[in-house]
Each structure stands twice: as C-alpha cells, then as structure tokens.
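User: I have a model I'd like to go through with you. Start with the terms, please.

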Amino acid sequence: MFIQIVQGRAVNPAGIDEEFDRWLTEVQPGAEGWRGSTSGTTADGEFIAIVRFESADAARRNSQRPEQDAWWRRAAQHLADVAFHDSSRVHTYKEGGSDDAGFVQVIQGHSSDMERMAELARTGEEDLAQRAPHILGMTVAEHADRPGDFTQTVYFSSEEEARRWERDNPPESNETFVEAFSLMSDLRYFDLREPRLVSAK
C-alpha cells in the first residue's frame, strides 16, 4: 500500500467537501490503483485527507493526469498552509482503513525508532483485537520527506467507544503503551467526527 497525505487549514470547509465529491465522480474513475480515502475537517478547521493507492507508481500516474491537476487547482482554493506527505512504508492493523467507522482519529508525530514501534504494534495485535473490538482498523504511514515522522489513522466504531476505552486504558496501565509513547514526540491529534470514507469497489 502507498499513502498520500494532504492537509491544510480549511478556509472553506464546504468547498473542499464539494471538491472531494467532484473528484469521486469526475476524476476517480480514471485513477488506476486508487484504493480509498479518508478525509475530514476538525472542529478547529484543520483539513486532512489520507489517500490510499496500491503502489507509488499508481499514485504518481494519477498525479500526472491533466484532470487531476485541474481538480487540484480548484480544490486548493479552499485550503491554506497546505502540506503533502508520501509514504511507501505503511503498517496496517486488521484491514487498514474501514468505511464502517463512525469516528476517525488521525495522529501525527515523530518517532525515534519506527522499527521498534512497528514491532510493538505487531506483537500487540492479538491482544488489541480482543480488548478493543471497537477499533475497526488502523494505518501508520511513515513520511518519506522526513524519516521518523508518521501519520497514524485509527478507525473507531464511535467516538463514545473510543473515549470510554481511553479512560479505562490509560497509557501508563500497559507496558507496551508506556514503551510506545516513550518513542513518540511532537504529537498532534485530528479528530474527524464526520469522516468522509470511500473505498474502491
């Protein structure tokens, strides 16, 4: 899997939503290798989109299409302070993204040891599946532009279930959580309470 991340301040949230709807009808049919996208705007106006492709080549071919360029020129008018991140190194939990999520939390930060973080995630998968069935999927994309930076996208059945689990399972209650958080810094959270979730048919 290859992930492209697009983010910025939404100066016109309704406008960027309309453009993503337009992309699905006018541009997506020709986007070979596109697997799905998760996008939304936080309560304080931060927009973020996590777009999944089957490969970096597929993403590059889509970016080079004239219709994609024309679409982006329209969409970019609704955003400020835009940033892009590409990731060819993606870790997944369960099926990765889930269109059944009622709440999505995106976490960005930096890790001093991405390999150890990935190892901790792999060894804890079975336990997490048993203890947190409300986590429907997850992706962790390592940013190619700055080693150690990452975007983690967590798909929850609902925000209520996510918050309850957080209260009942604070990081200090689990050795794996303690170690994982010790490897992360500069964390930023994007809560998408009305996520736009679309996958390839």
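Analyst: Helices (H or I, at least four residues) and strands (E, at least two) are DSSP runs, numbered from the N terminus. This is a predicted model, with local features needing pLDDT of at least 70 and side-chain atom pairs pLDDT 80 or more, while totals for chains, interfaces and linings use all residues. Residues are numbered from 1 along each chain as its sequence is written, and side-chain values use heavy atoms, without hydrogens or water.

User: Where is Asn 174 found?

Analyst: Asn 174 sits in the loop between helix H6 (159-168) and helix H7 (175-182).

User: Is Asn 174 buried or exposed, and why?

Analyst: Asn 174 counts as buried because its relative accessible area is 17%, and buried means under 20% with a 1.4 Å probe, protein chains only.

User: What lies 3.1 Å from a polar atom of its side chain?

Analyst: The backbone nitrogen of Phe 177. That is within the 3.5 Å limit for a polar contact between N or O atoms, one able to donate a hydrogen and the other to accept it.

User: Phe 177 again: which residues lie nearest the centre of the largest pocket?

Analyst: Leu 128, Met 138, Gln 152, Phe 177 and Phe 181, out of 39 lining residues. A pocket is an open set of points on a 1 Å grid where a 1.4 Å probe fits, with protein on both sides within 12 Å along at least five of seven lines; lining residues have an atom within 4 Å of a point.

User: What volume does the largest pocket have, and what lines it?

Analyst: The volume is about 1,000 Å³, taken as the space filled by probe spheres set on the points. Helix H4 (residues 114-123) supplies the largest share of the lining, 7 residues.

User: And the second largest pocket, how much space lies in it?

Analyst: About 410 Å³. Its lining has 18 residues, with Gln 4, Val 6, Ser 63, Gln 68 and Phe 84 nearest the centre. Elements giving two or more residues include strand E1 (2-10), strand E2 (34-41) and strand E3 (46-53). H3 gives the most, 4 residues.

User: Switching to strands: how many bridges join E1 to E3?

Analyst: There are 8, and the two run antiparallel; strands pair if DSSP finds at least two bridges between them. Val 6, one of the residues nearest the centre of the second largest pocket, has Ala 49 in E3 as its bridge partner.

User: What about E2 and E3?

Analyst: E2 and E3 are joined by 7 bridges, also antiparallel, and Trp 34 stands opposite Phe 53 in E3. Their hairpin has 4 residues between the strands, where Gly 45 takes a positive phi near 90°.

User: How many residues of E3 are buried?

Analyst: E3 is mostly covered, with 7 of its 8 residues buried.

How values were computed
Buried means under 20% relative accessible area, exposed over 50%, partly exposed in between (1.4 Å probe, protein chains only).
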